[in-house]
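Colleague: Could you walk me through this one before I start on the figures?

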Amino acid sequence: MKLLMFCLMPFLFASQAWAHINIEQITGNTMGTTYTIQLRLQDTPATKQEIKALVEQELESVNASLSVYRKDSEISEFNLNDTGRAIAVSERLWDVLQVSKRVSRQTYGALDVTLGPVIEFWGFGVKPRALQGKDRGQLELARSKTGMDGFTLDSQAVTKVIRGLEINPSAVAKGYGVDRVAEVLDGAGVVNYLVEIGGEVRTRGVGVRGRDWRVAVTRPQKFSLEIQELINLKGISMATSGNYVNYIRSDDRRLSHIIDPETGIPVENSVLSATVLHPRCAVADGFATAMMVLSVERSMQVADELGLAVMLIEQTSSGLKTHFSDAIFPYLINGE
């Protein structure tokens, strides 16, 4: 599935005062979406062009490892390998799989990056969409090739336990890309920045007028720019996942791109969007996707157990209802 569709696009605040404190902006395309970097260049001897070159190089490396849309990527080659032997993988793929395993355990299996065959069945993957003629038997065949226990990790090598298993790291990849770009900026000596890829965000230092970075989560409606909640980000990442942008209609039903690992069927619950804050954007990304699968009550239980800053927007019979975990209140602009 295209990475852009996993998350809301935050509205990044601009100001006429930016020019006076020399906040620069770098933009480009990656992972089927766009990226934006806002940064203060006075802190580093590197030029804007040099930093962009370093960022583009790192993003190319991430795509070469994680993109299921590239036949020559590391993950595509792994998916085609059914030898059953341990396969040495890059640091990037290893990191993403470790994060995925951990978040999956912490969310009772709600995050499952092995759903590649099921994602293809529903038409949200790489192949052209074709739901006609498909039946429950074909879905169960696809499901038989999935499961987070279907691969093991050991000494930076991955072993398939289930033949035909395919990993699709899209639920974590954009957030991971944000983390890698942030590491590039750190290495270049940049101490004030905001990195955003397709709506996933990581910050360091301060932004306009020396204030903490402020990001808005938009109302969970397609093409909406109406602000639902303002988030104050200081040295932390934010990821938001929603089910109202990337979906298909079949037999008068709206099928979300987010698949419930327990059933293999697109999720049908009241949660419209999930926003998670965490120091690592890849982790926030994984939790945000998982919380689109879990019920509101289960998600809040996970948030309380782990001390996660979480905001859920739910569709109820009386309209939208917003749920907050205790840990997110310090980050809300109004503190309420």
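Predicted model: local features only at pLDDT ≥ 70, side-chain atom pairs only at ≥ 80, totals over all residues.

Colleague: What is the average pLDDT of the protein?

Modeller: The protein averages a pLDDT of 87, and 85% of the residues score at least 70.

Colleague: And where is confidence lowest and where highest?

Modeller: Confidence is lowest in strand S1, residues 11-12, with a mean of 44, whereas H3 is highest at 98. Over residues 1-19 the pLDDT stays under 50, and for that stretch the model has 73 contacts beyond four places in sequence.

Colleague: OK, the sheet next. What is the order of its strands?

Modeller: It is an open sheet of 8 strands, ordered S2-S3-S7-S8-S11-S16-S17-S18, and the pairing is antiparallel. The edge strands, each pairing on one side only, are S2 (23-30) and S18 (319-324), and from one strand to the next the twist averages 10°.

Colleague: How many bridges do S7 and S8 have?

Modeller: S7 (residues 193-197) and S8 (residues 200-204) pair in the antiparallel sense over 5 bridges, with Glu200 in S8 as the bridge partner of Ile197.

Colleague: Which strands does helix H6 touch?

Modeller: H6, residues 170-187, packs on the sheet and touches S3 (33-40), S7, S8 and S11 (237-242), and its direction makes about 150° with that of S7. Helix H8, residues 296-306, also packs on the sheet, touching S16 (271-278), S17 (309-316) and S18, with a direction at about 170° to that of S17.

Colleague: Switching to the hairpin of S5 and S6, which residue takes a positive phi?

Modeller: That is Ser155, with a phi near 50°, in a hairpin that has 2 residues between the strands. The strands themselves, S5 (residues 151-154) and S6 (residues 157-160), run antiparallel and are joined by 4 bridges, and Leu153 stands opposite Val158 in S6.

Colleague: Last topic, then: at what angle do H3 and H7 pack?

Modeller: H3 (residues 91-106) and H7 (residues 281-293) pack at about 40°, and their axes are 10 Å apart. The two helices are therefore oblique to each other, and their crossing is right-handed.

Colleague: Which residues make the contact?

Modeller: On the H3 side they are Val99, Arg102, Val103 and Gln106, and on the H7 side Ala282, Val283, Gly286 and Phe287. By class, this contact of H3 with H7 has 5 nonpolar, 2 polar and 1 charged residues.

Key. Residues numbered from 1 in each chain as written. Heavy atoms only, no water. Axes fitted to C-alpha atoms, helices over the stretch in contact; angles between N-to-C directions. Parallel < 35°, antiparallel > 145°, perpendicular 65-115°, else oblique. Left-handed = near helix turned anticlockwise from the far one by under 90°. Contact = heavy atoms within 4.5 Å. Nonpolar A, V, L, I, M, F, W, Y, C, P; charged D, E, K, R; others polar. pLDDT = per-residue confidence, 0-100. Pairing = 2+ DSSP bridges.
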